[in-house]
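Here is a short briefing on one protein chain. Please keep the sequence and the 3D view open while reading.

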Amino acid sequence: MPSNLLKTTVAAGLMLALSGCFDSSTDNTAANEGAEIHLAMMQPPRTGLSPLSDDAFKLSRWRTAETLVELNPQAEALPKLATEWKQVDDLTWQFTIRDGVVFHDGSKLTAETVVNSLEKAFAAAPKPRIIDGIEWQVRALDSMRVEIKTEFNDPLLPSRLSSPQLSILAASAYQDNGSVNPTRTGSGPFILTEINGATSAKLERFDDYWGEKAKIARVTAEYVPDGFARAAALRTGTADVVEAVPVSQLAMIDPELLHEVSMPRTNTLYLNNSSEVFSKLEMRKVAAAAIDREQIIKTVYENRADKADGLLGPALAWAAPIRPDAPELEQGLKANGEKIVLGTFTDRAELPEVAVLVKQQLENAGFNVELDIREYAQIENDALAGNFDIFMLSRATVLDSGDPVAYMMSDFGCEGSFNLGQFCSEEVDAALTHADLQPLGEARQKATIEAEQIILGQYAAIPLLHERVIQGESLRVQNAERDPRERLLVTEFTDVN
């Protein structure tokens, strides 16, 4: 069967299965109560929507869980559940908690609630990335003020508190067995009412929200890992907002429904420094020299991506002007038939196609390449365990704080919690520690790029391209968020015609 026909057939089958989930009909009573919208999310939850994992970003995108601080588009820290803060001395910060906030279970936000959530985050294994490798002492000063003591003068602390993994939940969310249940325990404009495993979640408007009441009454979020099915859901109107529409499907969709967002996201090859092959620097250089980025961008992304000259792309406008020119790669380097396994996942529709091209390019350089491609939820543990010679990941670089140092520490620090390349370098650790001590602004940016250059100089990873994600929205939707940092999608201001 031709590949295009196969894809169409698979998508059609999936849409039949999804049609019941995405039934957008409502009776008159529901319409009088308010509108409902349907979301087609790209990835199912990894940990049952635990806010201490990457699932926290779903809770944030649905506006059900909230943090003390939020970031504006310029990555500046603004009040959220904390109304103000001040640095009392080099190691001490004080935060004033917003009065009048009620959680979805009816309990009230207090300083003790905040301390409890932050302490649970610090006790988690693994810790949220944004506090990876650092320690805080947190205590309530009174009913509405919290004090945080740090081990070093940390100018990024308010921004760290904006990470969705540090969301503040009601005490009832935290179970005796260590698990966290976000159902009816957030403080946002939408109540998470149902978690249906890896299938869907449902939310309802929270009428006692401390801010502006949500315009829509209900949200149904379906997990649709297959990109062709997500595109079909947008095309047929069975989903109102669709994450990551595949480039290959754009020609079949009304352009009015498509919105391109330049992302702080880099498609990266992580080379396993503990593997028999890539523990050798010369073999990492062979792999780097083999990659043809222009071919990948033109063939797979139809030129809707930017070539990666570093780990940080054009969404961070300050990075390119201060980055030195990349050194010329040695040409003519060849492997001698070394067998390597390249892993990636299907949730981002382009990645399997990129993997095929990378396989060809590496084989042209003399490697013997085996592909292992699965859904992300099924492959993440193997990737973290170092079971691949190369793992290809679409990686958000400012996901947690609006600052890339935390991502670089997590991915390339010796004790990093997301160190897919099993990489450890004293020089890199020292550079990242130095960068993390710098104040926000030019000094921190310069130190960040210096650390990036050391990482690339040791060939810990091969950045391929910077993505531009295509978000789909039906014409009935108003004010859905197109957020490069992937923290917001549906808010209290989202509405339908």
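The model is predicted. Its largest nonpolar core has 77 residues, and a second, separate core has 59 residues.

**Nonpolar cores**

- In soluble globular proteins, nonpolar side chains tend to be buried together.
- Within the largest core, the residues with the most contacts are Leu-362, Phe-367, Phe-412 and Leu-464.
- Helix H10, residues 350–364, gives this core its largest share, which is six residues.
- The second core includes Ile-134, Val-138, Ala-201 and Val-241.
- Apart from neighbours within four places in sequence, Leu-464 has contacts that include Leu-269, Ile-291, Ile-296, Val-354, Val-358 and Met-392.

**Helix H7 and its cover**

- Helix H7 spans residues 281–290, and its buried residues are Met-283, Arg-284, Val-286, Ala-287, Ala-288 and Ala-290.
- These buried residues are covered by elements including strand S12 (258–271), H10 and strand S17 (461–473).

- Two packed helices are described by the angle between their axes and the distance between the axes.
- Helix H12 (residues 405–412) packs on helix H13 (residues 426–436) at about 160°, and the axes are 10 Å apart. Because angles over 145 degrees count as roughly antiparallel, H12 is roughly antiparallel to H13.
- On the H12 side, Val-405, Met-408, Met-409 and Phe-412 take part; their partners in H13 include Val-428, Leu-432 and Ala-435.
- H13 and helix H14 (residues 442–457) cross at roughly 165°, and their axes come within 8 Å. This pair is also roughly antiparallel.
- Residues of H13 that meet H14 include Glu-427, Ala-431 and His-434, while those of H14 include Arg-444, Ala-451 and Ile-455.
- The crossing of H12 and H13 is left-handed, and the crossing of H13 and H14 is left-handed as well.

- Thr-64 sits in the loop between helix H3 (56–61) and strand S2 (69–71). Its relative accessibility is 2%, so Thr-64 counts as buried.
- The side chain of Thr-64 reaches the backbone oxygen of Phe-190 at 2.8 Å.
- Besides Phe-190, residues touching Thr-64 include Leu-59, His-104, Ser-187 and Leu-203.
- Thr-64 and Asp-254 are 190 residues apart along the chain, and their C-alpha atoms are separated by 31 Å.
- Asn-419 lies in the loop between H12 and H13. With 9% relative accessibility, Asn-419 counts as buried.
- A polar atom of the Asn-419 side chain lies 2.9 Å from the backbone oxygen of Gly-413.

**Backbone details**

- Most residues other than glycine have a negative phi, and most peptide bonds are trans.
- Where is a cis peptide bond found? The bond from Ala-125 to Pro-126 is cis, with omega near 0°. Pro-126 is in the loop between helix H4 (111–123) and strand S6 (136–142).
- Ala-244 has a positive phi, near 50°. This residue is in the loop between strand S11 (241–242) and S12, and at 14% relative accessibility Ala-244 counts as buried.
- Tyr-459 has a positive phi of about 55°. Its place is the loop between H14 and S17, and at 16% relative accessibility Tyr-459 counts as buried.

Terms used: Residues numbered from 1 in each chain as written. Predicted model: local features only at pLDDT ≥ 70, side-chain atom pairs only at ≥ 80, totals over all residues. Heavy atoms only, no water. Core = buried A, V, L, I, M, F, W, Y, C linked by side-chain atoms within 4.5 Å. Buried < 20%, exposed > 50% of the residue type's maximum accessible area, 1.4 Å probe, protein only. Helix = DSSP H or I, 4+ residues; strand = E, 2+ residues; numbered from the N terminus. Contact = heavy atoms within 4.5 Å. Polar contact = N/O pair within 3.5 Å; in protein donor to acceptor, adjacent residues only side chain to side chain. Axes fitted to C-alpha atoms, helices over the stretch in contact; angles between N-to-C directions. Parallel < 35°, antiparallel > 145°, perpendicular 65-115°, else oblique. Left-handed = near helix turned anticlockwise from the far one by under 90°.
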